[in-house]
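This report sets out the fold, the surface and two local features of one chain. The sequence and the structure come first.

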Amino acid sequence: MNKLKFKYFTRSLIIITILVNMTSENLLAQSKNPSPLHFPTPKNIDNMLFYIQRDPNTNTAIYAINYQENGKIDKSNPIKAYWIRYAEKGDKKDFSYIQRKFAYGIESKTLNNEEFELQFVSYKKLPLTLKKIDSDQKYHVFVSVNQKKIQVEKIFLRIEGGSFWLPNVKYAEVTGIETSSNKMITERMLLK
């Protein structure tokens, strides 16, 4: 009987050690490598859903609802994405072909009348959902990160080195409203 208790004790201790290590690594990752840049917050952007900022400059990718002339969402292309070039006097500029097709572009798939699945062309492991919410009758983008459902407001990519075609993305931080608590949170993901 003592051997059986010891075996369960040992197994429990191993599991607890693994969980503590996983938690401490995640918390450590949450505090490391802040960007040395100060990023402006985009303001007064029509139909903006969320934005992306990343090293090595303050230029910001804006993702907005793409409405047709009749005021309805363009179901074949629900997202309009472009730059605000803060590093270049705040000019608005469309993504280049390469940026749209290989880096910051978004692909969409209609799920139902008011809901779409979105994926970044460069990282398909992070599915996003665009849907109209009953409470405000507006579209919002949602994602699950670290078992938390977040209404996305911004994404930050920490990039250290690499090349034009293969940047070294250390992590991504998603900031927004956690749907279960209705509180603003930031969750970090290590990208692999």
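The text below goes from the whole chain to single residues.

The model is predicted, with local features needing pLDDT of at least 70, side-chain atom pairs counting only at pLDDT 80 or more, and totals for chains, interfaces and linings using all residues. Residues are numbered from 1 along each chain as its sequence is written, and side-chain values use heavy atoms, leaving out hydrogens and water.

The chain holds 2 helices and 11 strands, where helices (H or I, at least four residues) and strands (E, at least two) are DSSP runs numbered from the N terminus. Along the sequence the pattern reads α-β-β-β-β-α-β-β-β-β-β-β-β. Totals for the chain are listed here.

| Property | Value |
|---|---|
| Buried residues (under 20% relative accessible area, 1.4 Å probe, protein chains only) | 33% of 192 residues |
| Contacts (heavy atoms within 4.5 Å) with a separation of 6 or more that join residues 24 or more positions apart | 36% |

Aspartate 46 sits in the loop between α1 (2-31) and β1 (48-54). Because its relative accessibility is 64%, aspartate 46 counts as exposed, the cut-off being over 50%. Its C-alpha atom is 7.4 Å from that of alanine 64, a residue 18 positions away along the chain.

Tyr97, Ile98, Phe102, Phe164, Trp165 and Leu166 make a nonpolar surface patch of about 740 Å². Tyrosine 97 belongs to helix α2 (residues 97-103).

Methods: Patches are made of residues with over 30% relative accessible area and no salt bridge: like charges are joined within 9 Å, nonpolar side chains (Val, Leu, Ile, Met, Phe, Trp, Tyr) within 5 Å. Accessible areas come from the Shrake-Rupley method with a 1.4 Å probe; for residues, only the protein chains shown count as cover. A salt bridge is a side-chain nitrogen of Lys or Arg within 4 Å of a carboxyl oxygen of Asp or Glu.
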